[in-house]
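Me: I'd like to learn how to read the features of a model like this one. Can you take me through it step by step?

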Amino acid sequence: MNHEPVIRLQDLSKVYDGGPVAVEALKDIDLEIHEGSYVAIMGPSGSGKSTLMHILGCLDVPTYGSYFLKGQEISRYDSDQLARVRNREVGFVFQQYNLLPRLTAAQNVELPMQYAGVSLDRREEVVEKMLEMVGLAERSHHRPNELSGGESQRVAIARALANDPAILLADEPTGNLDTKTEEEIMVLLDELNEQGRTVIVVTHDDSVALHAKRTINLLDGRIA
């Protein structure tokens, strides 16, 4: 059994130096997240949780320190290398769903696999499986404007899982949903974790964080 954490951060800091005063968004972060974990990252506005999410999701790199994903240090990767890792190893779920409006649910789910060069037969097989998993097999030919908020977020989750990523990273995944639909989406994330998926939820909502098995609180760029 592999005991190497799926995510390991060592002495990680992020400094934004865009004005007269440098802003240290993250300070000396040490963190390990193991495969199959269910983690909530919480913190007030300005605590650094969005910066941490961007680094974990390979959208940004640290200024200092190291980030290991599945044992590979990716802290100094260039933008092309990061894009490849992002496509294969990170599944994103956003508050705004970020579905392409002209594409059907099935085509949205298929998109990451096209970028990864997956064969057409395999793409069709995975799309069917993913939409069935999130309970939307019968909605596969509907476009986002024909779907409810909850259905759109389910499509986004199916798309995030299409390339079988190492981590599912959800940023305020229920922020646009009513309470009943929020609970349905969180139950789906719970089920994915029970199946062995590593789930990381960035949220300010206590009711969302309660679903996780571990909560990391950030304050002023540090783990509190």
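Reply: Strands (E, at least two residues) and helices (H or I, at least four) are DSSP runs, numbered from the N terminus. This is a predicted model, so to speak: local features need pLDDT of at least 70, side-chain atom pairs count only at pLDDT 80 or more, and totals for chains, interfaces and linings use all residues. Residues are numbered from 1 along each chain as its sequence is written, and side-chain values use heavy atoms, with hydrogens and water left out.

Me: In what sense do E4 and E5 pair, and over how many bridges?

Reply: The general idea is that strands of a sheet pair through backbone hydrogen bonds, either parallel or antiparallel. Here, E4 and E5 (residues 72-73) are antiparallel, with two bridges. Leu-69 sits opposite Gln-72 in E5. The two strands make a hairpin with two residues between them, and Lys-70 in the turn has a positive phi of about 55°.

Me: Which strand does E1 join through five bridges?

Reply: E1 (residues 7-16) runs antiparallel to E4, with five bridges; Arg-8 has Phe-68 in E4 as its bridge partner. E1 is also joined to E2 (residues 23-33), again antiparallel, by seven bridges. Val-15 is partnered with Glu-24 in E2, and a hairpin of six residues connects E1 to E2.

Me: How many residues of E4 are buried?

Reply: Buried means under 20% relative accessible area, exposed over 50%, and partly exposed in between (1.4 Å probe, protein chains only). E4 (residues 64-69) is mostly covered, with five of its six residues buried. Take Gly-65, which belongs to E4. Its C-alpha lies 6.3 Å from that of Ser-13, though 52 residues separate Gly-65 and Ser-13 in sequence. Contact means heavy atoms within 4.5 Å. Neighbours within four places in sequence aside, Gly-65 touches Gln-10, Asp-11, Leu-12, Ser-75 and Arg-76.

Me: What is the order of the six strands in the open sheet?

Reply: The order is E6-E7-E8-E3-E9-E10, with mixed pairing. E6 (90-94) and E10 (222-223) are at the edges, each with a single partner strand, so one side of each has no neighbour in the sheet. For a parallel pair, look at E7 and E8, joined by five bridges; Asp-171 has Val-202 in E8 as its bridge partner.

Me: Which helices lie across those strands?

Reply: For angles, axes are lines fitted to C-alpha atoms, for helices over the stretch in contact, and angles run from 0 to 180 degrees between N-to-C directions. H2 (residues 79-89) lies across E6 and E7, at about 80° to E6. H6 lies across E3, E7 and E8, at about 135° to E3.

Me: Where do the buried residues of H4 fall, seen down its axis?

Reply: An α-helix has 3.6 residues a turn, so residues three or four places apart point the same way. In H4, the buried residues are Arg-123, Val-126, Val-127, Met-130 and Leu-131. They fall within an arc of 125° seen down the axis of H4, so they line one face of the helix. That arc is taken from the directions from the helix axis to the C-beta atoms. On the face turned away from the buried side are the exposed Asp-121, Glu-128, Lys-129 and Glu-132. The buried residues pack against H3 and H5. After H4 comes Gly-135, with a positive phi near 75°.

Me: Why does the span of H4 agree with its number of residues?

Reply: The expected span of a helix is 1.5 Å times one less than its number of residues. The 14 residues of H4 should therefore span 20 Å, and its end C-alpha atoms are 20 Å apart.

Me: Which residues have the most contacts inside the largest nonpolar core?

Reply: A nonpolar core is a set of buried Ala, Val, Leu, Ile, Met, Phe, Trp, Tyr and Cys residues joined through side-chain atoms within 4.5 Å. The largest has 37 residues, and Val-109, Leu-131, Ile-157, Leu-168 and Leu-189 have the most contacts inside it. H5 (149-161) is among the elements that give two or more residues to this core, and H5 gives the most, with six.

Methods:
Two strands pair if DSSP finds at least two bridges between them.
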